[in-house]
Amino acid sequence: MDGRALLPDRPILVVASDEAQRFTLMRALARYRVQSAATAADALARVLAGEPITAAVIDSGLSDMSGLELLERVRPGRTNLPVVLLAD
């Protein structure tokens, strides 16, 4: 991903329950604006509230719901949101 398709003023949302995984993903995306969420509930609240997010990276093994379930809940309201779902 070279970043040309991302909006520079909107962050990428990293969603992972594991703090070390969140930190690693945020460091890997350091050239972009990045925000993080430790739970699916927090991420869902942000997305549904209309926060300006340009993309999301979601761990499949979240503590409060699966990453796939989070994606299914987000998708109806944000059909154009690019999402990377990380599998275990």
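**Fold order.** I read along the sequence of this predicted model and got β-α-β-α-β-α-β for the protein chain. Counting elements, I have three helices and four strands.

**Overall size.** I looked up the radius of gyration next and found 12 Å for the protein chain; a compact globule of 88 residues would sit near 12 Å, so the two agree. For the C-alpha trace I get spans of about 30 × 30 × 20 Å along the principal axes.

**Burial and surface.** I then checked how much of the chain is tucked away: 38% of the 88 residues are buried. The accessible surface comes to about 5,200 Å². Carbon and sulfur atoms own 54% of that accessible surface.

**Charges.** I counted 10 positive and 11 negative charges in the protein chain. Their mean positions are 9 Å apart.

**Asp 64.** Where does Asp 64 sit? I found it in the loop between strand S3 (55-59) and helix H3 (67-74). Asp 64 has a relative accessible area of 38%, so I file it as partly exposed, given that buried needs under 20% and exposed over 50%.

Leaving out residues up to four places away in sequence, I see Asp 64 touching Thr 39, Ala 40 and Ala 41. Two of these contacts I followed to the atoms. A polar atom of the Asp 64 side chain is 2.9 Å from the backbone nitrogen of Ala 40. For the backbone nitrogen of Ala 41, I also read 2.9 Å to a polar atom of the Asp 64 side chain.

**Arg 46.** Is Arg 46 buried or exposed? I get 17% relative accessibility, so Arg 46 counts as buried; the cut-off is under 20%.

Which residues does Arg 46 touch, not counting those up to four places away in sequence? I list Leu 13, Gln 35, Ser 36 and Glu 51. I also looked up Arg 46 against Val 15: the two are 31 residues apart in sequence and 11 Å apart in space, C-alpha to C-alpha.

Note on methods: Residues numbered from 1 in each chain as written. Predicted model: local features only at pLDDT ≥ 70, side-chain atom pairs only at ≥ 80, totals over all residues. Heavy atoms only, no water. Helix = DSSP H or I, 4+ residues; strand = E, 2+ residues; numbered from the N terminus. Rg over C-alpha atoms; globule rule 2.2 N^0.38 Å. Buried < 20%, exposed > 50% of the residue type's maximum accessible area, 1.4 Å probe, protein only. Areas by Shrake-Rupley, 256 points an atom, 1.4 Å probe, with all protein chains shown as cover. Lys, Arg positive; Asp, Glu negative; His and termini not counted. Charge placed at Lys NZ, Arg CZ, Asp CG, Glu CD. Contact = heavy atoms within 4.5 Å. Polar contact = N/O pair within 3.5 Å; in protein donor to acceptor, adjacent residues only side chain to side chain.
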